[in-house]
Amino acid sequence: VVRGDAFAFLRAAAANHRAFDLIYVAPPQYHQLAAQAFRQLDAAPLTTPGGLVIIQIDPHERGDLAALAPRHFLLTDERKYGSTMLMFFTHRDEAPHP
(Lines give C-alpha, C1' and ligand atoms only; values in the text may rest on other atoms or scores of the structure.)
Protein backbone atom coordinates (compact mmCIF):
# COMPACT_ATOMS: atom_id res chain seq x y z
CA VAL A 1 0.00 0.00 0.00
CA VAL A 2 1.33 3.39 -0.98
CA ARG A 3 0.01 6.63 0.49
CA GLY A 4 0.24 9.46 -2.00
CA ASP A 5 -0.94 10.65 -5.37
CA ALA A 6 -1.87 7.53 -7.34
CA PHE A 7 -1.24 9.12 -10.73
CA ALA A 8 2.23 10.31 -9.69
CA PHE A 9 2.96 6.78 -8.45
CA LEU A 10 1.85 5.28 -11.79
CA ARG A 11 4.09 7.70 -13.71
CA ALA A 12 7.08 6.99 -11.47
CA ALA A 13 6.55 3.22 -11.57
CA ALA A 14 6.36 3.30 -15.38
CA ALA A 15 9.50 5.45 -15.59
CA ASN A 16 11.32 2.95 -13.36
CA HIS A 17 10.00 -0.04 -15.36
CA ARG A 18 8.35 -1.61 -12.32
CA ALA A 19 6.08 -4.59 -12.91
CA PHE A 20 3.36 -6.08 -10.76
CA ASP A 21 1.29 -9.27 -10.95
CA LEU A 22 -1.82 -7.54 -9.62
CA ILE A 23 -2.99 -3.94 -9.53
CA TYR A 24 -6.19 -3.03 -7.67
CA VAL A 25 -7.74 0.31 -8.63
CA ALA A 26 -10.41 1.71 -6.27
CA PRO A 27 -10.61 5.49 -6.69
CA PRO A 28 -13.35 7.79 -5.35
CA GLN A 29 -16.48 7.18 -7.36
CA TYR A 30 -18.20 9.42 -9.91
CA HIS A 31 -15.11 11.44 -10.84
CA GLN A 32 -14.05 9.32 -13.85
CA LEU A 33 -10.83 8.54 -12.01
CA ALA A 34 -11.11 4.81 -12.67
CA ALA A 35 -11.16 5.41 -16.42
CA GLN A 36 -8.28 7.90 -16.11
CA ALA A 37 -6.19 5.42 -14.12
CA PHE A 38 -6.93 2.63 -16.57
CA ARG A 39 -5.99 4.79 -19.57
CA GLN A 40 -2.68 5.56 -17.84
CA LEU A 41 -2.10 1.86 -17.10
CA ASP A 42 -2.86 0.93 -20.70
CA ALA A 43 -0.47 3.59 -22.04
CA ALA A 44 2.38 2.27 -19.86
CA PRO A 45 1.40 -1.14 -18.49
CA LEU A 46 2.79 -1.99 -15.08
CA THR A 47 1.79 -5.63 -15.29
CA THR A 48 3.57 -8.39 -17.13
CA PRO A 49 1.62 -10.40 -19.73
CA GLY A 50 -0.99 -12.41 -17.88
CA GLY A 51 -1.01 -9.89 -15.02
CA LEU A 52 -4.31 -8.65 -13.67
CA VAL A 53 -5.81 -5.19 -13.14
CA ILE A 54 -8.95 -5.18 -11.00
CA ILE A 55 -10.99 -1.99 -11.04
CA GLN A 56 -13.62 -1.32 -8.36
CA ILE A 57 -16.40 1.05 -9.43
CA ASP A 58 -20.05 1.84 -8.91
CA PRO A 59 -22.03 -0.09 -11.57
CA HIS A 60 -23.21 3.24 -13.03
CA GLU A 61 -19.60 3.95 -14.04
CA ARG A 62 -19.27 0.76 -16.08
CA GLY A 63 -19.95 2.60 -19.34
CA ASP A 64 -16.89 4.84 -18.84
CA LEU A 65 -14.63 1.78 -18.75
CA ALA A 66 -16.51 -0.28 -21.30
CA ALA A 67 -16.16 2.56 -23.82
CA LEU A 68 -12.36 2.39 -23.64
CA ALA A 69 -10.53 0.32 -26.22
CA PRO A 70 -7.42 -0.82 -24.34
CA ARG A 71 -4.46 -1.96 -26.40
CA HIS A 72 -2.78 -4.06 -23.73
CA PHE A 73 -5.69 -5.44 -21.70
CA LEU A 74 -8.68 -7.69 -22.22
CA LEU A 75 -11.80 -7.55 -20.04
CA THR A 76 -12.01 -11.11 -18.71
CA ASP A 77 -14.60 -10.91 -15.94
CA GLU A 78 -17.11 -8.64 -14.22
CA ARG A 79 -18.72 -9.18 -10.83
CA LYS A 80 -21.39 -7.09 -9.16
CA TYR A 81 -21.87 -7.02 -5.40
CA GLY A 82 -24.74 -4.65 -4.55
CA SER A 83 -23.52 -1.15 -5.36
CA THR A 84 -19.98 -2.33 -6.15
CA MET A 85 -18.71 -3.70 -9.43
CA LEU A 86 -15.35 -5.31 -10.02
CA MET A 87 -13.97 -5.40 -13.56
CA PHE A 88 -11.06 -7.76 -14.24
CA PHE A 89 -8.64 -6.92 -17.04
CA THR A 90 -5.88 -9.34 -18.04
CA HIS A 91 -2.68 -8.05 -19.63
CA ARG A 92 -2.53 -9.52 -23.15
CA ASP A 93 0.59 -11.34 -24.33
CA GLU A 94 0.92 -8.70 -27.03
CA ALA A 95 -0.97 -5.60 -28.09
CA PRO A 96 -3.29 -6.00 -31.09
CA HIS A 97 -2.15 -4.58 -34.39
CA PRO A 98 -3.73 -1.23 -35.39
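Start by selecting Val-53: setting aside neighbours within four places in sequence, its contacts (heavy atoms within 4.5 Å) are Ile-23, Val-25, Phe-38, Leu-41, Thr-47, Phe-73, Met-87, Phe-88 and Phe-89. You're looking at a predicted model, where local features need pLDDT of at least 70, side-chain atom pairs count only at pLDDT 80 or more, and totals for chains, interfaces and linings use all residues. Numbering runs from 1 along each chain as its sequence is written, and side-chain values use heavy atoms, with hydrogens and water left out.

Together with Val-53, they have the most contacts inside the largest nonpolar core, a set of 19 residues. (Such a core joins buried Ala, Val, Leu, Ile, Met, Phe, Trp, Tyr and Cys residues through side-chain atoms within 4.5 Å; buried means under 20% relative accessible area, exposed over 50%, with a 1.4 Å probe and protein chains only.) Colour H1, S1, H2, strand S2 (47-57) and strand S4 (84-91), which each give two or more residues to this core. H2 gives the most, with five. (Helices, H or I of at least four residues, and strands, E of at least two, are DSSP runs numbered from the N terminus.)

Next, go to H1 and pick Phe-7, Leu-10 and Ala-13, which are buried. Look down the axis: the buried residues fall within an arc of 125 degrees (taken from the directions from the helix axis to the C-beta atoms), so they line one face of the helix. They pack against S1 and H2. On the face turned away, find the exposed Arg-11 and Ala-15.
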